[in-house]
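Below is a short briefing on selected local features of one protein chain. It is grouped by topic.

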Amino acid sequence: MQHQIARRTLLQAAASAPLLAANSPPFVGSPDADARWIDGEPPAAPAEGQCWGLAWPRGQLPDTTPLAATAPDGTALPLQSWTLARWPDGSRKWTAHALPALPVLPTSVRVAPGKASTPRAPLRVLETAEAIDILNGALRWHFPRSGTMLLRAVGEGGTDLLGPLQLTGEIRLAAPDGNRVPLEGVVERVALEQAGPVRAVLRIEGHHRGAGRTLLPFTLRIECYAGSRGLRIVHSFIHDVDPAAIFVSGLGITATVPMRGALHDRHVRFATATDTMFAEAVRPLTGLRRDPGAAFRTAQVAGQPVPPLDQMRAPVPALLDRIPAWDAFRLLQSSPNGFTLAKRTAPDMAWIDAGEGHRAPGLAYVGSPWGGAAIAARWFWQRHPSELEIDGATGDAARLTAWLWSPRAQPMDLRRYRGTMGMEGYAAQNQGLDITYEDYEPGWDSPLGIARTSEVMLWAFPATPPTSQLQALACAAAEPPRLMADPAQLHAAGVFGDWGLADRSTPTRTAIEDQLDRLVDFYTGEVDRRGWYGFWNHGDVMHSYDADRHQWRYDIGGFAWANSELSPDLWLWTAALRSRDPKAFRLAEAMTRHTSEVDVYHLGRFAGLGTRHGVQHWSDSSKQPRVSNANYRRIFYYLTADERTGDLMRALVTSHEALRTVEIGRKVPGAAREALPPGAIEMSFGTTWAVLAGAWLTEWERTGDRRWRDRIVAGMDSIGRLPRGWLTGSAPYDLASGRFVDGGAKIRLSHLNAVFGAVEINAELLRLLDVPRYRAAWLDYCRWYNAPKAEWLAKWGEPFGPRNLREAHSRLTAYAAHATGDVVLAARAAGEFLSGDAGLGLHLGDPRRPLPGGGVEWPGISTNAASQWGLAAIQNLALIPEALDAAAARQPPGGGGA
């Protein structure tokens, strides 16, 4: 009862005080927090362990308080907890939690102070100088600290079930059809990051090597959950080769699986859909001219040992060796809309078509009643060309491979897509920008340093599992079940700036909520309707639409891939945060996996910077922190405790150093080129400093290292001391001290400064840090950016100048209105938002219209407009809901221009 009372108090706090002040008093009471499945109900099949994050109000959860988990009926659940972030007072802000694989999954999980239960068979970790072993019941995972073997698995009775597991690959030299060079992964470092009892995590680093070359660095995170026979592998690699000289033509993970028993007792499985499975034997006993008997056919189909051969009907036992034995199988997903299955009897024999289908979930199994292994790649068909391969099934050991890039497909071709003749000077390049919106520059369109992360499941079994179990594992690997914290509790904790829970209490709020839902539905549908798939593309969306062609502008310069332009990541995550909507969550998750990896450089001269939107994700020459933006990754990291995303954000804390040699504004016509103080660069407040501040804030709250807190404060204080504060727009920035140098009293407004996460990160910073000058400077900017011309001139006496994204900037006006209690300003903000001026506009009804031949389109759509409308809608609903109602009553909202 004590926890229920505390929860009620927590939710009342959420309803009465949606915005927490920086000096809010500590929470009083006994804390607890709930998590539920984003799909509403627990999956029908047991999950392979779960990991999620919970947020706590400032001062509520002391650092030393132990935490326990219970199901809704009060049953204790095994739990492992750790701290992700702390408030400035040292209390815990974010905690991470892991559940083991459970036979029955609860509908929800409550975490509260208490002694955690441990699994019936907790994980045990043994370390030596040569290896790390994880013992999970009778299953032992062995990880050498060096060499080409990543791991092997030993099962009950010391039986080898799997191993070695290795990274494999292939490159072509000089041309896409050049000589093939095989690659193998070589382990260089192994670190134990967690050691149970519920969850153990290893980080493995190394390079691929082949023909005297060392290339394609990799990082693997391997997660083991108590009670599971599987491992989750988060596979990341960096593309570090010249795309015109070396073409990656294969990239995969291969497991060696010992094969036991007669050929007719060896089984092969491929998931071909969510409810179908290719289930065959190496030597089939079904469909023969002579029937071996129902018991034999039934056992083989079920994956069980067949009865003794002396019980088999004649003449089949004497003719077994006349039945072909199939040595190799492969399922090739060459496009998002089709796969083929083939098999052969020997390497020098023909491949025989074994079937085809639409979208394979991505799981394959090989083994026998005496042991086997399965592997599954998430986003298998979405990230074509992918492949699952089984080879050597008739021998002593089969090879089970998940190809993340199939060697049967064309090699990766990451060369530039356009010629460079006549594009040598900035003037010509700016002409290209003027016509196709693409900022091209020779040598700045390189993919060298981009990365990709994939998720793979690997299982070791003592016997061939039932087909229904493998089917369930395939579905769970393709669409993993997710626990997510209760949005009401996240809101009450005061995390991630200004947002509120869904509110349909009035017609105006209902209309806004309806459009928020429709936008998520529309983009989820567009991903599939437009085929935004492929290894390097999956997760991104297009920037702008061409209504004449009824096509997104995939081939028109900067109008093609969005690359996080104007914060679609942040919009989708905020939508998921407030609703726990599975569509928003999974769309945002895929986007984060893409934009944090493919659109960002992880080594080389651009390390820490991202690439502006373009036809290829790396083709634009503008390399900026606004794309590598940690603010776009924070919500995913804290909701899921994903270690890879934590690594990527940590790498950004020093990304400002790249700006010593990469000048963002080098091509801007007429830009001032005054001599800067030694060690200083010109830095914009919103598209650069606020972006960097998000990385520094994350590192400070994760580690407690005050260097990053002090660097934020230095920037805030120095902006506050400028004569025009935030209205200055940009100023010389001293990289060593983290302070801005007085850039004069000029006002330089940019419509981009607030739309790359600056609004959201400032809302957090001003609650955490007391810097009065900065608060005043930010409120000035919020009040005056959208100010009417007469008011602006009366205040500043300077040319009014153009304004863009008025609808999006309504949330700045709303922020100032809420912070100061100014009802007149709130009314102005509501009018700005409902006007639709330079934005998407609020449509009363569904604006989507059908296209000939199928599909739909949203007139006037662009991802810029959708993202900024979504963020403005969510924040205005949180800040000025009554003003929105009043404004709508005076002037019913209509569709605005894009």
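Strands β10 (residues 139-144) and β11 (residues 151-154) run antiparallel and are joined by three bridges. Strands and helices here are DSSP runs numbered from the N terminus (E, at least two residues, for strands; H or I, at least four, for helices), and two strands pair if DSSP finds at least two bridges between them. This is a predicted model, in which local features need pLDDT of at least 70 and side-chain atom pairs count only at pLDDT 80 or more, while totals for chains, interfaces and linings use all residues. Residues are numbered from 1 along each chain as its sequence is written, and side-chain values use heavy atoms, with hydrogens and water left out.

**Strands β10, β11 and β12**
- W141 stands opposite A153 in β11.
- Six residues lie between β10 and β11 in their hairpin, and G147 in the turn has a positive phi of about 100°.
- β11 also pairs with β12 (residues 160-173), in the antiparallel sense and over three bridges.
- L151 has L165 in β12 as its bridge partner.
- The hairpin of β11 and β12 has five residues between the strands, with G157 in the turn at a positive phi of about 70°.

**Helix α15**
- Helix α15 (residues 772-784) has 13 residues and reaches 18 Å from first to last C-alpha, close to the expected 18 Å; the expected span is 1.5 Å times one less than the number of residues.
- Its buried residues (under 20% relative accessible area; exposed is over 50%, partly exposed in between; 1.4 Å probe, protein chains only) are Y774, A777, W778, L779, Y781, C782 and W784.
- The cover over these buried residues includes α12 (685-703), α13 (706-721), α14 (758-768), α16 (789-796), α17 (810-820) and α18 (823-835).

**R702 in helix α12**
- R702 lies in helix α12 and is buried without a salt bridge, the nearest side chain of opposite charge being E699 at 4.3 Å.
- A salt bridge requires a side-chain nitrogen of Lys or Arg within 4 Å of a carboxyl oxygen of Asp or Glu.
- The R702 side chain reaches the backbone oxygen of G646 at 2.9 Å.
- Not counting residues up to four places away in sequence, R702 touches (heavy atoms within 4.5 Å) L84, A85, R86, Y637, Y638, G646, M649 and R650.

- A354, in strand β22 (residues 352-357), is partly exposed at a relative accessible area of 28%.
- Leaving aside neighbours within four places in sequence, A354 is in contact with F278, L341, A342 and K343.
- A427, in helix α3 (residues 426-436), is exposed at 58% relative accessible area.
- The C-alpha atoms of A427 and P669 are separated by 8.5 Å, and the two residues are 242 residues apart along the chain.

How values were computed:
Lys, Arg positive; Asp, Glu negative; His and termini not counted. Polar contact = N/O pair within 3.5 Å; in protein donor to acceptor, adjacent residues only side chain to side chain.
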